[in-house]
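Here's a quick briefing to read alongside the model. Take a look at the fold first, then work through the points below.

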Amino acid sequence: MTLTIGHTAPDFHAQTTDGPINFHEWIGNSWAVLFSHPRDFTPVCTTELGYMARIKPEFDRRNVKIVGLSVDPLDNHTAWAGDIAETQGTAPNFPMISDNDYTISKAYGMLPAGITGDPTKHSPAEMATLRNVFVIGPDKKIKLVLVYPMTTGRNFDEILRVIDSLQLTAEHKVATPAQWRPGEDVIIAGSVTDDEARHIYPDGWKAPRPYLRIVPNPITR
């Protein structure tokens with residue numbers, strides 16, 4: 001079954017650069033971002049891991065844990081971290097999973113069942129589908145799934161923006177419009193009746209259409 005929004009993220013035990021983890025236990029009461037890489041020492045992923053390390057304080061501020069995944073063994077992860085530090089200015093400061101038996105990749109639908117054998121014998125192109133981002137909530141449910149091609153670097157500023165929206169809409173009965181940024185106006189969720197909305201927003205709302213009820217952001221970050 002293909003994992004999608006609302007599914008429970010598969011739990012797993014894994015070896016990482018920070019030691020062994022049990023995924024659901026590791027998430028705890030935090031949010032989490034799991035992002036995967038076809039192989040170590042790949043060029044686009046090198047830039048992504050360096051950028052993610054630089055902006056990790058922004059994820060920390062939002063109570064979001066970061067974990068990367070590649071099928072390479074841990075000693076490759078360690079050597080790659082040196083390259084990332086030298087070329088990008090910052091080494092990964094979050095755990096990197098070694099999924100060298102493909103168990104996690106297959107559980108998350110990122111690799112076909114037929115992939116077997118020594119991961120270092122596979123080319124990055126054979127692992128091209130390991131370019132996923134999963135945002136997972138404290139309830140261990142998947143909130144966002146993104147899949148990128150190998151030739152397009154991921155936009156982690158956009159992922160932060162989406163997390164801001166996810167966290168806001170999880171706490172308040174609102175939705176965020178196109179191009180929304182924290183602090184900007186929001187839309188009253190369609191599940192909220194006008195009578196309910198009057199209790200929540202006694203000052204009223206703007207409604208260019210009955211179904212489009214716009215109110216100020218209930219919180220500012």
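The protein chain has seven helices and eleven strands, where helices (H or I, at least four residues) and strands (E, at least two) are DSSP runs numbered from the N terminus. This is a predicted model, in which local features need pLDDT of at least 70, side-chain atom pairs count only at pLDDT 80 or more, and totals for chains, interfaces and linings use all residues. Residues are numbered from 1 along each chain as its sequence is written, and side-chain values use heavy atoms, with hydrogens and water left out.

**Overall build**
- Of the 221 residues, 45% are buried (under 20% relative accessible area, 1.4 Å probe, protein chains only).
- Take the contacts (heavy atoms within 4.5 Å) between residues at least 6 apart in sequence: 65% of them join residues at least 24 apart.

- Helix α2 (residues 43–54) meets helix α4 (residues 74–88) at about 75°, with the axes 9 Å apart; axes are lines fitted to C-alpha atoms over the stretch in contact, and angles run from 0 to 180 degrees between N-to-C directions.
- That angle makes α2 roughly perpendicular to α4 (65 to 115 degrees).
- On the α2 side, the contact includes C45, L49 and R54, and on the α4 side W80 and I84.

- V33 sits in strand β3 (residues 31–37).
- Its relative accessible area is 0%, so V33 is buried.
- Leaving out residues up to four places away in sequence, V33 touches M52, F59, V133 and I163, among others.
- Q167 is 134 residues from V33 along the chain, and their C-alpha atoms are 13 Å apart.

Note on methods:
Buried < 20%, exposed > 50% of the residue type's maximum accessible area, 1.4 Å probe, protein only. Parallel < 35°, antiparallel > 145°, perpendicular 65-115°, else oblique.
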